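Thanks for coming. Please have a look at the model on the screen, and then I will go through it.

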Amino acid sequence: MSEVPLPYRVTRVRPETADTVSVALAPAGEESLAPFMPGQFAMVYAFGVGEIPVSVSGIGDHELEHTVRSVGAVSAALCALRPGGRIGLRGPFGTGWELGRAAGRDLLVVAGGIGLAPLRPLVTAALAAPHAYGRLNLLVGARTPDDLPYAGQVHAWSASHGPPYCQVTVDRPAPAWRGRVGVVTTLLNGAAFAPGNTTAFVCGPEVMIRVTARELVHRGLAPHRIRVSLERNMRCATGHCGHCQLGGVLLCRDGPVIGWDRAESLLSAREL
Amino acid sequence: MTAAPATAVLDRDGLDALVGVLRAQGRTVVGPTVRDGAVVLAEIASADALPFGWGTEVEAGRYRLVPRTDGAAFAHTTGPQSWKAFLHPERERLWSADRRADGRLSVAAERPQRPSYAFLGVRPCDLRAIAVQDRVLATGRHRDRGYQERRTGAFLIAAECTEPGATCFCVSMGGGPAAEAGYDLALTELVDETGHRFFVRVGSDAGREVLSGVPGRPAGPGTESAARAAVDAARERMGRAMPPVDLRTLMGDSLEADRWDDVAARCLTCGNCTMVCPTCFCTTTEEVTDLTGDHAERWQRWDSCFDLDFSYLHGGPVRASARSRYRQWLTHKLSTWYDQFGSSGCVGCGRCVTWCPVGIDITEEAAALHDELAARLRRQDEREEREP
Ligand code: SF4
Ligand code: SF4
């Protein structure tokens, strides 16, 4: 349903970091929303408070997961949910990562902090079809070790021999940190991919997206093979409220995932 | 269906009979009428409410009613409102949610009785503006259901322009003072030695049917050619014009222009231009709860890209400066609208020029941007010639 929220029930709640929580949701009644694709988002409604766009961070048979960082009134209300609590959901909205278009290619998944959330179902889908793709690289950067979402899963991945071939770096290490320190692009040297036959999927803060995409172009990736997920204010998600404009792009309709060939100029103009 | 002819002539009584037929169909007839020193759009009970004998004098930042001796009803230019006030109202409830004692939610979509409108006196620029909003709100993957219902039931009577205002520039936006498409009936008002009358053209089956119930006389060739001549003359008397260049690429090439700083120094970021613009569609939502806290409502209301909160993201606005917000407004109207909805977002009605409190004129801003870009390209060429 696109205009009116459908009631969903909270089935599980998992704290990710100090300000971030993952909430698993199942339909409260008979009806459920159409299936979500990795990279798509829902409008999540906290009763009496309001609604925000949140990408799906997990897609199950009967469940959806959303990872929410508490930054405003609505996200704070969502982070305070307990199992059994009720919320409203609209969706699915937007373009997904369109993993299928990367069939036969090496995959380079680059995440900054909570930017890993929308990429997580993409990694899950790629792992579920190991023969459909080339090498699956997952590069994750976080401000500090404590800011790493899905830390258990990510550390398990990086300790294994893959896939995914996972590497983690932080900007500011904690005393017990034994891993890499530095920005996420420093991990590219250790990733195994053939630039001419690679699709990259990038999500994180805008500066991180810009730096990563430029570096990937420098290393020989075609701009349209670099898929980035962007964010703007959003009220309706149906292409009618005008808030998510980024130049000629309506992010709720033409995004949130767009190619770097389109995104580069949009992210280069200040205050667009 | 009755085989009424495709044209007719009505006198003032005939116009009143037309209003009567539409009201008898259960329609809410909305038309221009004088109120508080302006021609506003409001429900009218008879044609007597139309602004007979009133004209308007407009300039950038100025609007004044002036009496006319010829008694014309449609000799005024566009006022502070447009038909979006009825089709895409300023405030609208979208849905209501209730929370039961056990915490369960139920959400109910809004299903009110939609009025069946008849709009009398829609200017050709406003016909095009309605078509622009149709593309935004009623086509594409998702539809605005409220808009669509109000729009589908609306009966449109155009009033062609014979007295363009000083801020009008529809011709340079690809339109003109003649009603071309999207109307049920089109009127051309004539006041000459033959008398005060309205030449009517039929634009749809619904229009033909309504007209068949109105006492009028067949239009002779004289009336028809007088009507054409009056509208053709108006085409030559536009108050303003956009520079004759590709505005879409001009805006795209001007994102870093200095002119934005110049206009930002004058603009109050009041958002008046967006409120009066007949194509501006942006809205925001409000959450309203009752005292028990168990009943919540979602309301939609007009919003403006000049508002700081409009682009709020992660603790601050993306478009903090007046420069970036004016640039968003103008580039959206003239350029990125094509990318998003396949047409220009400006129909040249002139409202934003008239109702800007400091008289900022988008035709002048576009011309200045064009001059700046042309000068920049000239300098580039000269440099390349010097250093081949
Ligand atoms: S931008 Fe100005 S002239 Fe153009 S349609 Fe809107 S109000 Fe009219
Ligand atoms: S251009 Fe004029 S009407 Fe528009 S925001 Fe600026 S001052 Fe207000």
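First a term: two residues are in contact when they have heavy atoms within 4.5 Å. In that sense, 23 residues of domain 1 of chain A are in contact with 19 residues of domain 2 of chain A. Domain 1 of chain A covers 2–93 and domain 2 covers 99–271, with bounds from an automatic or database domain assignment. The centres of these two domains, taken over C-alpha atoms, are 22 Å apart.

A note on the source: this is a predicted model, where local features need pLDDT of at least 70 and side-chain atom pairs count only at pLDDT 80 or more, while totals for chains, interfaces and linings use all residues. Residues are numbered from 1 along each chain as its sequence is written, chains are lettered from A in the order in which they are written, and side-chain values use heavy atoms, with hydrogens and water left out.

Now chain B. It has 12 helices and 15 strands, which are DSSP runs: H or I of at least four residues for helices, E of at least two for strands. The radius of gyration of chain B, 23 Å, is close to the 21 Å from the globule rule for 388 residues, so chain B is as compact as a globular protein of that length. That radius is taken over C-alpha atoms, and the rule is 2.2 Å times the number of residues to the power 0.38.

How much of chain B is buried? Of its 388 residues, 54% are buried, meaning under 20% relative accessible area with a 1.4 Å probe, protein chains only. Among contacts in chain B between residues at least 6 apart in sequence, 71% join residues at least 24 apart.

Terms used
Buried < 20%, exposed > 50% of the residue type's maximum accessible area, 1.4 Å probe, protein only.
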